[in-house]
Amino acid sequence: MKKSKKYTGLAGWLMLSFTAGAAGIIVEPGNWYQALIKPTWTPPDWVFPVVWPVLYICMGISAWLVWKDTGFDKSRDALTLFLVQLMLNVLWSWLFFGLHQVGTALADIILLWIIILFTILAFSFYNRLAAWLLVPYLLWVGFATALNFSIWNLN
């Protein structure tokens, strides 16, 4: 693979990851979220716009490493899992913040966590670094799942 194609691919996977992030932040938390009863361990609002860009960078690089090493055809299942988790990630924001469906968002984020785990396992067959780059994302989504559950339970 040409060097220029490799870096174009990196830009593409990063853009895809950040596009998913942008699609999710179109729906802002707003007053509805501020009015919810939240657990005491809820992070301050400034944490989320700091953490997510780092995670999206790791996600984009992770997918790129698999794509770069194998191409899409040879790693279609793994990269499809990656794309599915991106869609579930976007869907969660719309369900939780847009539609205020906290319970449905909880079901979505549980499924998201499972698909991220399967993506890590699938990526590990192609590139171990790619798999490890998704571990912080899995941990953050695990934390977000607990937070979502607590908010659902408290409200």
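In this predicted model, the residues that line the largest pocket fall into 21 nonpolar, six polar and two charged ones. The space within this pocket amounts to about 690 Å³, and of the 29 residues that line the pocket, I25, F48, W52, W92 and F97 are the closest to its centre. Two or more residues of the lining come from each of the elements α1 (3–25), α2 (30–35), α3 (48–74), α4 (76–98), α5 and α7. Among these contributors, α7 gives the most to the lining of the largest pocket, with six residues.

Two of the helices that contribute to the pocket lining, α5 and α7, also pack against each other, as the axes of helix α5 (residues 102–124) and helix α7 (residues 135–154) come within 9 Å and cross at roughly 160°. Because angles over 145 degrees count as roughly antiparallel, α5 is therefore roughly antiparallel to α7. The crossing of the two helices, α5 and α7, is left-handed.

On the side of α5, the contact is formed by V102, G103, A105, L106, I109, I110, L112, W113, I116, L117 and I120, while α7 takes part through V135, Y137, L138, V141, G142, A144, T145, N148, F149, I151 and W152. When the residues of this contact between α5 and α7 are sorted by class, 18 are nonpolar and four are polar, and no charged residues are present. The lining of the largest pocket, by comparison, includes two charged residues beside its 21 nonpolar and six polar ones.

Notes:
Residues are numbered from 1 along each chain as its sequence is written. This is a predicted model: local features need pLDDT of at least 70, side-chain atom pairs count only at pLDDT 80 or more; totals for chains, interfaces and linings use all residues. Side-chain values use heavy atoms; hydrogens and water are left out. Axes are lines fitted to C-alpha atoms, for helices over the stretch in contact, and angles run from 0 to 180 degrees between N-to-C directions. Helices (H or I, at least four residues) and strands (E, at least two) are DSSP runs, numbered from the N terminus. Angles under 35 degrees count as roughly parallel, over 145 as roughly antiparallel, 65 to 115 as roughly perpendicular and the rest as oblique. A crossing is left-handed if the near helix is turned anticlockwise from the far one by less than a right angle, and right-handed if clockwise. Contact means heavy atoms within 4.5 Å. Ala, Val, Leu, Ile, Met, Phe, Trp, Tyr, Cys and Pro count as nonpolar, Asp, Glu, Lys and Arg as charged, and the others, Gly among them, as polar. On a 1 Å grid over the protein atoms alone, a cavity is a set of points where a 1.4 Å probe fits but cannot get out, and a pocket is an open set with protein on both sides within 12 Å along at least five of seven lines; lining residues have an atom within 4 Å of a point. Grid points are joined across faces, edges and corners, and a volume is the space filled by probe spheres set on the points.
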